[in-house]
Amino acid sequence: MSAPEQELLDAAEAVMARAYAPYSGYCVGAAIRDEKGRIWTGCNVENISYGVTICAERSALAALVSGGSALVTAVAVVTRDGGTPCGMCLQALLEFSPEPSSVAVYTASPGAPAKAWTLAELLPHAFRSDAVSRTIDGSSDVEQD
């Protein structure tokens, strides 16, 4: 594992400790690297109304976007059993990954070797459609740093 990959996994493992999972007991930490090399983290936050629960990967995506970035280059997810992101999270990651075959996704459990995938491997038939077009370019009308 290279130093940048290990840094991403370490960040995901560290944030996993902050997960709020009183219902499932399944804590998840996620770390996303953007096009500038910055790392954005998130953990799962459960709710008694399960539909309100936020997955770690989407939590990290919210941090990425609110931090002014919009491109995912790599993702690390740490769970107790090395689980992969759910389909909803994979689709959400795809929104910020123009070339899914070049986005590395690392999965691991604490202290265990990571497995490496690409986003395209984990979501081989992702929803993309020429029939659905953006009504805006995705940029904000708020001035950014």
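Guide: Leaving aside neighbours within four places in sequence, S97 is in contact (heavy atoms within 4.5 Å) with V72, V103, L119 and R128. This is a predicted model, so local features need pLDDT of at least 70 and side-chain atom pairs count only at pLDDT 80 or more, while totals for chains, interfaces and linings use all residues. Residues are numbered from 1 along each chain as its sequence is written, and side-chain values use heavy atoms, with hydrogens and water left out.

S97 sits in the loop between α3 and β4 (104-108). Helices (H or I, at least four residues) and strands (E, at least two) are DSSP runs, numbered from the N terminus. S97 is buried, at a relative accessible area of 0%. Buried means under 20% relative accessible area, exposed over 50%, and partly exposed in between (1.4 Å probe, protein chains only).

Now L94, in helix α3. L94 is buried too, at 5% relative accessible area.

Along α3, the buried residues are C89, L90, A92, L93 and L94. They pack against β1, α2, β3 and α4 (119-122).

Take α2 next. The axes of α2 and α3 lie 9 Å apart, at an angle of about 25°. Axes are lines fitted to C-alpha atoms, for helices over the stretch in contact, and angles run from 0 to 180 degrees between N-to-C directions. The two helices are therefore roughly parallel; angles under 35 degrees count as such, over 145 as roughly antiparallel, 65 to 115 as roughly perpendicular and the rest as oblique. E57, R58 and L61 of α2 meet M88, C89, A92 and L93 of α3.

Helix α2 (residues 56-66) buries A56, E57, A60, L61 and L64. Seen down the α2 axis, these fall within an arc of 140°, so they line one face of the helix. That arc is taken from the directions from the helix axis to the C-beta atoms. An α-helix has 3.6 residues a turn, so residues three or four places apart point the same way. The buried residues of α2 pack against β1 (29-34), β2 (39-43), β3 (72-78) and α3 (87-94). After α2 comes G68, with a positive phi near 95°.
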